Amino acid sequence: MPKLPTRLQRFRSGSPLSFRLLAWILLFSSAFTLIASAIQIYSDYSKDLSQIDSRMQVIESGYASSLSRSLWALDQKLLQTQMEGILSLPDITHLRLGIEPDSELVMGEIPRSADTQSHSFDLIHQGDEAFKLGELTVTANLDRVYQNLKVKIGIILATQFLKTFFVSILIIWVFQHFVARHLTTMANYARDFSLTNLSTPLTLDRPDTPSHRNDEIGRVSEAINQMRERLSADMVRQKNDAAEIHKFSMAIEQSPSSVVICDRQWRVEFANHKFTQLTGYDAKSIVGRHPGALSDNPMEVRDNRQLWQSIRLQVQRVGVWQGEVNSTRRNGERFWEQLIVTPIKDSDGDATGYLILGEDISIRKRYEQQLLRQANYDILTGLPNRMLALDRLKLALAQARRENSMVGVMFLDLDNFKHINDTLGHDAGDNLLIEASRRISSCLRGTSTVARLGGDEFLVILPGLTGPEPASQVAERILDNFRPAYTLNGQEVFVTTSIGIAIFPSDSDNSGTLLQHADAAMYQAKRQGKSSFAHFTPEMSEVSHERLQMESRMRRALEQREFELYFQPIVDTATGEVRAAEALLRWNNPVMGMVMPDRFIPLAEETGLIIGIGAWVLEEACHAATRWKDITGQDIGISVNVSPRQFRDSGFTKTVMQALSNSNLAPELLELEITERLLLDNSIETAEILRELDREGIRLSVDDFGTGYSALSYLKSYPFDTLKIDKTFIHDVTRTQGGASLVCAIINMAHSLGLTIIAEGVEEESQTHFLKQEGCDLSQGYFYSRPLPSDEFTEWLKAHLLKQT
């Protein structure tokens with residue numbers, strides 16, 4: 001068994017707090033024990049002294065009377081006996097009896113160097129009067145009291161020390177078991193604690209009970225674990241923050257915009273890679289320099305000084321500056337840069353630096369200039385467009401008001417442009433517009449403006465006129481310039497123009513009305529025979545108003561069911577049997593009455609309304625042919641005219657197939673009549689649409705053959721089934737030899753190509769005999785029937801079939 005000092009040494013080294021606690025317990029326990037023992041010993045000592053004192057009081061009270069009588073009686077023997085009885089009492093070692101007047105009696109002896117305690121009392125004889133006989137002095141030896149005191153001191157100190165020691169050991173063991181060992185565990189945990197083992201919690205070797213969790217050890221343990229969890233969360237957050245900072249740093253470095261960070265004094269602290277690419281300045285070489293003083297050219301720095309001064313003032317006042325700057329690269333090249341300058345603020349809102357974001361917008365500026373030009377100029381001709389023209393017209397009117405002068409407004413429209421565009425193609429039409437704009441511009445002086453309003457419409461503004469005559473002179477020059485032929489696709493084409501003129505302020509004092517009046521005058525010029533000009537007169541407003549009303553009413557005609565289909569039969573020339581019917585469109589307006597196609601179809605084509613109207617015609621015509629079969633039991637075909645504008649619509653083929661599907665009409669019973677001018681547009685799109693319709697089984701017919709730019713090669717290139725001879729040729733077959741010969745030639749040519757021939761405009765019986773003789777397949781005209789409404793045509797059809805049977 002190890003010696004106690006060795007154990008204490010180990011205990012001291014293993015648990016310094018426990019050793020110090022033991023030392024303090026022993027110290028305070030010993031002090032308390034000494035004080036308590038001293039009090040107890042003193043109490044016992046005082047008690048023994050009190051007993052001796054009490055005994056002496058007993059001697060006085062018990063022996064004083066008997067001794068007084070013995071002494072009064074001078075009974076020496078009894079007196080001696082009584083004193084020997086007193087001397088035999090405990091601790092009484094000496095008696096001295098002083099007898100009056102001067103004798104004494106002594107018994108016992110006092111030990112040397114011994115502590116004694118004496119008590120004296122008088123011996124008095126009580127008679128008639130009190131008489132003092134003597135005085136007895138009793139002396140007690142205190143050696144027994146001191147001996148008992150020593151024994152008690154030893155016993156008390158021994159027992160108190162042992163009790164204090166073992167209680168201290170017990171307290172230390174309790175402290176060690178319930179506190180110190182857990183503190184040691186915490187100390188070891190804290191010693192090994194690091195950011196690498198945050199996942200390991202602190203655990204103590206004691207039951208997990210509510211009382212343990214709520215005591216000091218439990219709260220400290222919980223606090224340590226909470227600290228671990230916070231550190232763990234902070235560690236994760238710091239890792240995330242570090243990742244975010246790295247990501248943001250990489251984002252700034254790889255940003256598509258240049259980034260420059262300056263300090264409070266506007267000295268460059270950082271510039272990213274994009275800044276180097278954008279400006280050519282090395283990022284490290286500009287650190288510490290002002291962003292407006294990077295160039296070595298003093299003049300550039302001086303020019304930038306005022307700009308950056310305003311930037312600094314606005315950033316301080318507003319908090320941000322944004323603008324476009326014409327900057328200079330290191331090599332001297334100029335470029336447009338979009339700059340955004342904002343302060344970098346701390347938590348108190350004070351600026352600690354400045355962030356400058358830059359982006360090269362040179363391409364965007366070029367695009368803006370291009371867009372600005374596109375917004376104000378016509379792309380094809382390079383002339384001002386409608387927007388810019390209206391602005392210039394307003395400026396010219398304002399100047400004329402100041403100078404009290406006149407302004408001429410000329411509205412030009414190319415004659416038969418749509419025909420040229422449809423026959424020769426859009427490329428030829430574009431070339432025509434370019435050349436027309438050049439010819440118009442060559443007739444004007446520098447202060448005048450020529451603009452393209454759209455399509456084939458041009459506007460000319462003549463400022464500073466003194467009267468209407470100069471406008472007429474300009475119009476004549478333009479008409480003269482249009483007389484020479486245009487060469488389009490290697491072919492000479494003659495195109496004229498119609499010009500309408502309105503004068504400010506006589507015709508109107510505002511730009512909008514002037515344009516309307518010039519437009520009305522232009523339509524008057526067209527009605528005069530084209531290739532002419534006309535000045536506005538008040539009567540023209542009514543005509544222009546009528547045209548606008550017609551367009552407005554036509555836009556509502558479909559939904560209000562104002563359109564009607566009339567049908568004219570197409571018969572077998574030889575037998576007179578009905579083979580098909582042509583659908584002819586009529587417009588029955590409640591206000592204008594019955595409007596014929598030649599009056600509203602050109603306007604419908606011009607406005608694009610022909611697309612919707614044409615789709616309705618196809619749908620109704622196919623349904624009519626289906627009804628005729630249900631009524632007669634025979635297949636009767638239907639022929640529908642298709643305008644070039646309608647044919648070129650991207651959804652035309654789908655519209656045709658939808659009409660056939662909705663009516664359940666066989667494709668071979670539908671024939672589409674196409675004008676010759678469409679064929680002359682020898683485009684891939686035209687050929688593909690025609691072939692697609694042919695593949696679907698739909699019959700194709702060339703309408704009004706011989707009236708346009710006839711080209712027989714087109715009849716071989718496209719999959720046509722039928723050729724219709726125009727009524728102007730049929731009219732002459734019985735009147736002139738040339739007319740008859742021409743029709744015979746057309747019939748023979750068509751038959752040689754495998755085409756069916758239809759003669760239009762047959763009105764006389766003699767014409768039918770000629771056509772029958774020449775082998776014309778089909779005929780159509782008033783001789784058989786005029787165009788009839790749907791119900792009347794059905795009745796005619798029934799009667800004709802009945803006659804045939």
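Strands S10 and S12 pair in the antiparallel sense, over seven bridges. Pairing requires at least two bridges found by DSSP between two strands. Strands here are DSSP runs of E of at least two residues, and helices are runs of H or I of at least four, both numbered from the N terminus. The model is predicted: local features need pLDDT of at least 70, side-chain atom pairs count only at pLDDT 80 or more, and totals for chains, interfaces and linings use all residues. Residues are numbered from 1 along each chain as its sequence is written, and side-chain values use heavy atoms, with hydrogens and water left out.

Gly 454 is bridged to Glu 457 of S12. S11 and S12 form a hairpin with two residues between them. Gly 455, in the turn, has a positive phi of about 60 degrees. Eight of the nine residues of S12 are buried, so the strand is largely enclosed by the rest of the structure. Buried denotes under 20% relative accessible area, exposed over 50%, and partly exposed the range in between, with a 1.4 Å probe and protein chains only.

Helix H10 (residues 386–403) packs against this region. Its buried residues are Leu 388, Ala 389, Leu 393, Ala 396, Leu 397 and Ala 400. Residues three or four places apart in an α-helix point the same way, because there are 3.6 residues a turn. The buried residues of H10 pack against strands S10 (406–414), S11 (449–454), S12 (457–465) and S15, and against helices H9 (362–376) and H14. Contact means heavy atoms within 4.5 Å.

The length of H10 agrees with expectation. Its 18 residues should span 26 Å at 1.5 Å a residue, and the end C-alpha atoms are 25 Å apart. The expected span is 1.5 Å times one less than the number of residues. At the N-terminal end, Asn 385 caps H10, with a side-chain oxygen 3.3 Å from the backbone nitrogen of Met 387. Just after H10, Asn 404 takes a positive phi of about 60 degrees.

Two further asparagines have positive phi. Asn 489 has a value of about 55 degrees although it is not a glycine. It lies in the loop between strand S13 (486–488) and strand S14 (491–493). Asn 489 is exposed, with a relative accessible area of 55%. For Asn 664, also not a glycine, phi is about 60 degrees. Its loop runs between helix H19 (652–663) and strand S21 (670–675). Asn 664 is exposed as well, at 69% relative accessible area.

One joins Glu 100 and Pro 101, with omega about 15 degrees. Pro 101 sits in the loop between strand S1 (92–99) and strand S2 (103–108). The other runs from Phe 504 to Pro 505, with omega near 5 degrees. Pro 505 is placed in the loop between strand S15 (497–504) and helix H14 (511–527). Both S15 and H14 are among the elements against which the buried residues of H10 pack.

Gln 82 belongs to helix H3 (residues 76–87). Its relative accessibility is 12%, so Gln 82 counts as buried. Neighbours within four places in sequence left aside, Gln 82 is in contact with Tyr 63, Ser 66, Leu 67 and Ser 70.

Conventions:
A polar contact is a pair of N or O atoms within 3.5 Å; within protein, one must be able to donate a hydrogen and the other to accept it, and residues adjacent in sequence count only if both atoms are side-chain atoms.
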